[in-house]
Amino acid sequence: MLKQRILTSAVLAPLALLLVFYTPLAMFSTIAALIVLLGAWEWSALAGLCQKRQRFTFVGVMAVLILLLNTHWPIQDLWQQGRLVADANYVFTLAFAWWLVATFLVVKYPRAARAWNEGIMMRSIAGVLTLVPLWLALNVMRSAGYEDGEHIGSVLIMVVLGIVWSADIGAYFAGKNLGKHKLMPKVSPNKTIEGLVGGVITAVVFVLVFCHFAAIDINMWPIYAAMTIIIALFSAVGDLLESMFKREVGLKDSGRCLPGHGGILDRIDSLTAAAPIFAFCYAWTVVL
């Protein structure tokens, strides 16, 4: 399993860098949509859609929503005069509200399971609110500074990925060496409070190191640190939310398309929360 994970990562890492830094805007948007739609296929199983026709219908609805968003806000027009178009930011405000609800569902599990276990529709809506803002957030970040020939957008994506990865790594080592108090044993038995704290601290250190080497005004460091704490905490909620849904349907992994890693959702679960929250914080706190 470890060998498979390493080999898969060795292939995916350079592909991710090529996608983030060197693909044209339209191609990036299309590939991001395909990744999200693969995640939607896996989510359909978590939602309880058993028949292939139902699952393809769910993916089709997601594709239509993405197409409508892309028609309303072409990726090259998401930023105007250095600012995110206001309507797009309302989507991230909605996403922020959804992740607050998701946090409640995770914290109150299994008592709150009735809220979304009453029918397939609720779990399907949860999938839409989880995945569609992710696609928009990736497009918003990637398009920042693009018209000026700059790589600001690519750097923003790498920063949010760095926050997620550093939080995961910090949580793993802190949990393994210091973990004594279970975080949410009914959702994910192996996660600990010490791991969560260690992950958040590691993410903050990563961002502050980035600020140092990027020569960012030191007066902005506390703002970025506060944003990072929020993003890292919500990235943990994204991970826990998927674990909660998998536990309800009795699945260990969301899929099998990535050897050693499981499915697409298993790799992007933290990012589904972190990317929209990052875009929300960046637009409202820094740009506006």
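**View A. The end of helix α2 and the glycine after it.** A helix here is a DSSP run of H or I at least four residues long, and helices are numbered from the N terminus. The model is predicted. Helix α2 covers residues 25–46 and has 22 residues. At 1.5 Å a residue, α2 should span 32 Å. The end C-alpha atoms of α2 are 31 Å apart, which agrees. Gly-48 follows α2 and has a positive phi, near 95°.

**View B. The whole protein chain, for orientation.** The chain has 10 helices and 4 strands. Along the sequence, the order is α-α-α-β-β-α-α-α-α-β-β-α-α-α. Of the 288 residues, 48% are buried. Look next at contacts with a separation of 6 or more: residues 24 or more positions apart account for 72% of them. The chain exposes about 14,700 Å², and carbon and sulfur atoms supply 68% of that area.

**View C. A cis peptide bond at Pro-110.** Most peptide bonds are trans. The bond from Tyr-109 to Pro-110 is cis, with omega near 5°. Pro-110 sits in the loop between α4 (86–107) and α5 (114–117).

**View D. Ala-215, a residue with a positive phi.** Most residues other than glycine have a negative phi. Ala-215 is not a glycine, yet its phi is about 55°. Find Ala-215 in the loop between α8 (193–213) and α9 (221–249). Is Ala-215 buried or exposed? Its relative accessibility is 68%, so Ala-215 counts as exposed.

**View E. Trp-41 and Phe-56, an aromatic pair between two helices.** Two rings pair if their centres lie within 6.5 Å. By this rule, there are 7 aromatic pairs. In one of them, the rings of Trp-41 and Phe-56 have their centres 4.8 Å apart and their planes at 50°, so the pair is tilted. Trp-41 belongs to helix α2, and Phe-56 to helix α3 (residues 52–72). The pair therefore ties together parts that are 15 residues apart in sequence. Trp-41 is partly exposed, at 26% relative accessible area. Phe-56 is exposed, at 56%.

**View F. Trp-98 and Trp-99, a tilted pair.** These two rings lie 6.0 Å apart, centre to centre, with 50° between their planes. Trp-98 is buried, with a relative accessible area of 9%. Trp-99 is buried too, at 0% relative accessibility.

**View G. A cluster of phenylalanines.** Which residues form one aromatic cluster? They are Phe-96, Phe-234 and Phe-280.

**View H. Arginines over aromatic rings.** The charged end of Arg-55 sits over the ring of Trp-41, 4.1 Å from the ring centre. Recall that the ring of Trp-41 also pairs with that of Phe-56. Elsewhere, the charged end of Arg-142 sits over the ring of Phe-28. Here the distance to the ring centre is 5.5 Å.

**View I. Cys-211 and Cys-281, two buried cysteines.** How many disulfides does the structure hold? The count is 0. A residue counts as buried under 20% relative accessible area. Cys-211 has a relative accessibility of 1%, so Cys-211 counts as buried. Cys-281, at 6%, counts as buried as well.

Technical notes:
Residues are numbered from 1 along each chain as its sequence is written. This is a predicted model: local features need pLDDT of at least 70, side-chain atom pairs count only at pLDDT 80 or more; totals for chains, interfaces and linings use all residues. Side-chain values use heavy atoms; hydrogens and water are left out. Buried means under 20% relative accessible area, exposed over 50%, partly exposed in between (1.4 Å probe, protein chains only). Contact means heavy atoms within 4.5 Å. Accessible areas come from the Shrake-Rupley method with a 1.4 Å probe; for residues, only the protein chains shown count as cover. The expected span of a helix is 1.5 Å times one less than its number of residues. Rings of Phe, Tyr and Trp (its six-membered ring) pair if their centres lie within 6.5 Å; planes under 30 degrees apart count as stacked, over 60 as edge-to-face and the rest as tilted. A charge sits over a ring if NZ of Lys or CZ of Arg is within 6 Å of the ring centre and within 35 degrees of the ring normal. A disulfide is a pair of cysteine sulfur atoms within 2.5 Å.
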